[in-house]
Amino acid sequence: MTSSEQRLEEALRLVASEVTTSPGAYREVQSRWRRKERRRRLIVASLATAVVLATNGIALWALNDARPDQHIIFTDPTHTR
Amino acid sequence: MAPVSEDLPDTVEALAARDADREAALAGLFHRHHLELVRLATLLGAESDAEDVVADAFCELHRGWKRLRSEQAALPYLRAVIVNRVRMRVRHLQVVRKHVEWVREDVASAESQAMVRDDQRALVAALRSLPERQREALVLRYWLGLKEAEIAEAMGISAGAVKAHTARGMAKLGKVLEGQDD
């Protein structure tokens with residue numbers, strides 16, 4: 001290692017040694033990642049619920065709009081009477 | 001080695017056990033490396049946001065834990081996220097500083113830098129004025145003591161590019177050091 005590299009290494013080490021962290025850092029970070037995880041799960045659950053409600057709504061609308069003698073689920077002639 | 005809960009089917013108990021394993025692994029990583037990572041973020045130019053940058057990196061690791069190749073990949077992943085986030089922050093600050101009058105914030109307060117000599121402070125200031133890739137390569141090489149391949153992984157570039165950035169950065173700092181010697 002050259003003297004320039006040694007001087008840079010020493011300067012970086014000294015400056016870095018002056019940096020300290022706050023005592024409650026772990027609790028703060030832990031509560032942050034737990035909050036984000038809760039929010040992520042809530043979003044996933046809300047999206048899943050929205051998809052189920054939307055498909056149910058569409059199905060009910062389609063059934064409601066159909067004439068009683070029309071088969072809207074099985075259109076294959078083999079399934080008709 | 002993967003924890004036992006990884007092999008279990010997705011039952012409520014298995015998911016809870018996986019969450020507990022992840023929390024325990026993250027707690028261990030945090031206690032072993034948090035200070036070192038905050039110092040890395042500071043040296044890269046995160047200034048007073050260093051702890052916040054590191055906290056965000058841990059949150060990102062928590063979210064992407066399942067995608068890690070192994071637990072050994074967690075620390076390089078954290079370094080890469082920190083390098084990336086500090087780069088984004090420095091770019092954002094450069095834009096802000098073009099529009100508002102800004103008083104320079106040093107790595108630490110003047111009082112706390114009492115132990116750092118003037119020439120060393122000048123050297124670190126010169127380091128911080130280097131282009132971001134050169135600064136990152138030098139900090140990762142000479143402060144963390146990483147190998148070229150590890151630096152390349154953290155910076156998201158090739159090992160050859162790391163070599164080039166380190167050489168160019170050292171050449172520029174060499175001029176500052178020559179000036180100090182005269």
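This is a predicted model: local features need pLDDT of at least 70, side-chain atom pairs count only at pLDDT 80 or more; totals for chains, interfaces and linings use all residues.
Local features need pLDDT of at least 70, side-chain atom pairs count only at pLDDT 80 or more, and totals for chains, interfaces and linings use all residues. Residues are numbered from 1 along each chain as its sequence is written, chains are lettered from A and ligands numbered from 1 in the order in which they are written, and side-chain values use heavy atoms, with hydrogens and water left out.

Chain B contains seven helices and zero strands. Helices (H or I, at least four residues) and strands (E, at least two) are DSSP runs, numbered from the N terminus. Along the sequence, the pattern of chain B is α-α-α-α-α-α-α. Of its 182 residues, 46% are buried. Buried means under 20% relative accessible area, exposed over 50%, and partly exposed in between (1.4 Å probe, protein chains only). Among contacts in chain B with a separation of 6 or more, 65% join residues 24 or more positions apart. Contact means heavy atoms within 4.5 Å.

Helix α5 of chain B (residues 132-142) is mostly covered, with nine of its 11 residues buried. The buried residues include B:Ala137, B:Leu138 and B:Tyr142. B:Thr166 sits in helix α7 (residues 159-181) of chain B. It counts as buried because its relative accessibility is 13%. The side chain of B:Thr166 reaches the backbone oxygen of B:Val162 at 2.6 Å.

In chain A, a UniProt record (unreviewed entry) places the feature "transmembrane region" at residues 42-63. UniProt positions are given in the numbering used here, feature names are shortened, and annotations may be inferred rather than shown by experiment. Over residues 42-63, chain A is 100% helix and 0% strand, and the end C-alpha atoms are 31 Å apart.

The size of an interface is often given as the accessible area lost when the parts come together. Between chain A and chain B, about 3,200 Å² is buried, and carbon and sulfur atoms give 66% of this area. Buried area is the accessible area (1.4 Å probe) that two parts lose on being put together, summed over both. Chain A brings 30 residues to the contact and chain B brings 40 residues. One residue of chain A, A:Leu8, lies in helix α1 (residues 3-17). A:Leu8 is buried, since its relative accessible area is 1%. A:Leu8 touches residues of chain B, including B:Leu138, B:Tyr142 and B:Met170.

Five salt bridges are counted between chain A and chain B. A salt bridge is a side-chain nitrogen of Lys or Arg within 4 Å of a carboxyl oxygen of Asp or Glu. A:Glu37 and B:Arg22 form one (3.6 Å, N to O). A:Glu37 lies in helix α2 of chain A and B:Arg22 in helix α1 (residues 12-46) of chain B, so the pair joins two chains. A:Glu37 is buried at 10% relative accessibility, and B:Arg22 is buried at 11%. B:Asp19 forms another salt bridge, with A:Arg41, at 3.0 Å between the closest N and O atoms. B:Asp19 is partly exposed at 24%, and A:Arg41 is partly exposed at 43%.

Within chain B, B:Glu60 and B:Arg85 form a salt bridge with the closest N and O atoms 2.4 Å apart. This pair links helix α2 (residues 50-63) to helix α3 (residues 74-99), across 25 residues. B:Glu60 and B:Arg85 belong to a network of salt bridges with A:Arg32, B:Asp52 and B:Asp56.

Note on methods: A polar contact is a pair of N or O atoms within 3.5 Å; within protein, one must be able to donate a hydrogen and the other to accept it, and residues adjacent in sequence count only if both atoms are side-chain atoms. Lists of a residue's contacts leave out its neighbours within four places in sequence.
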